[in-house]
Amino acid sequence: MPRPCKRRRVCALPERLRFGPAGQSAGEPIRMGVDEFETIRLIDLEGLTQEACAGQMQVSRATVQAIYGAARRKLAQSLVEGRELLIGGGEFILCDRPHGGCRCGRCPRERNT
């Protein structure tokens with residue numbers, strides 16, 4: 001029996017859930033999970049290491065490495081093939097750290113201080 005998937009912690013849902021070419025998309029849309037989006041945001045935008053990203057998402061570094069690889073492939077496929085990218089779904093939970101416990105700057109608790 002396979003091990004159950006551990007839910008990844010993300011700080012906030014993406015503001016935009018759909019990206020694509022201005023004209024007509026070439027083929028079926030590509031679906032990226034919220035956890036995949038979060039790894040792209042943390043590693044590529046925020047500059048975190050895979051280890052730091054894993055700590056933030058409360059999963060192992062190997063899990064982050066696998067999620068990140070899949071996310072980058074989907075992002076590249078969308079750009080190269082001109083296909084629409086849809087973000088949503090996946091095994092995740094929203095940030096629930098107590099006030100001051102999260103330093104991502106995206107959590108509602110952090111923005112309201």
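Here are some friendly notes on the predicted model above, point by point.

1. **Ground rules.** This is a predicted model, in which local features need pLDDT of at least 70 and side-chain atom pairs count only at pLDDT 80 or more, while totals for chains, interfaces and linings use all residues. Residues are numbered from 1 along each chain as its sequence is written, and side-chain values use heavy atoms, with hydrogens and water left out.

2. **Confidence.** The average pLDDT (the predictor's confidence in each residue, from 0 to 100) is 84 for the protein, and 81% of the residues score at least 70. Strand β3 has the highest confidence, at 96, whereas helix α4 (residues 108-111) has the lowest, at a mean of 45. Over residues 108-113 pLDDT stays under 50, and the model has 13 contacts for them beyond four places in sequence; a contact means heavy atoms within 4.5 Å. Where pLDDT is low, the predicted coordinates should not be read in detail.

3. **Overall layout.** The protein has four helices and five strands, in the order β-β-β-α-α-α-β-β-α along the sequence. Helices (H or I, at least four residues) and strands (E, at least two) are DSSP runs, numbered from the N terminus. Among contacts between residues at least 6 apart in sequence, 75% join residues at least 24 apart.

4. **Surface and interior.** Of the 113 residues, 37% count as buried. Buried means under 20% relative accessible area, exposed over 50%, and partly exposed in between (1.4 Å probe, protein chains only). The accessible surface comes to about 7100 Å², with 52% of that belonging to carbon and sulfur atoms; the areas come from the Shrake-Rupley method with a 1.4 Å probe, and for residues only the protein chains shown count as cover.

5. **Helix α3.** This helix spans residues 61-81, 21 residues in total, and reaches 30 Å from its first C-alpha to its last, close to the 30 Å expected at 1.5 Å a residue. The expected span is 1.5 Å times one less than the number of residues.

6. Which residues of α3 are buried? They are V64, I67, Y68, A70, A71 and S78. These residues lie on the same side of α3 because they cover an arc of only 170 degrees around the axis, the arc being that of the directions from the helix axis to the C-beta atoms. An α-helix has 3.6 residues a turn, so residues three or four places apart point the same way. The face turned away from the buried side carries the exposed residues R73 and V80. The buried residues pack against β1 (8-10), β3 (30-32), α1 (34-45), α2 (50-57) and β4 (85-87).

7. T39 lies in helix α1 and counts as buried, at 0% relative accessibility. Leaving aside residues up to four places away in sequence, T39 touches D44, C53, M57, V64, I67, Y68 and A71.

8. **Cysteines.** A disulfide here is a pair of cysteine sulfur atoms within 2.5 Å, and by this rule the count is zero. C53 is in no disulfide, as the nearest cysteine sulfur, that of C11, is 9.8 Å away. C53 is buried, with 0% relative accessibility.

9. **Q56 and C95.** Q56 sits in helix α2 and is buried, with a relative accessible area of 13%. C95 is also buried, with a relative accessible area of 13%. Although Q56 and C95 are 39 residues apart along the chain, their C-alpha atoms are separated by 9.5 Å.
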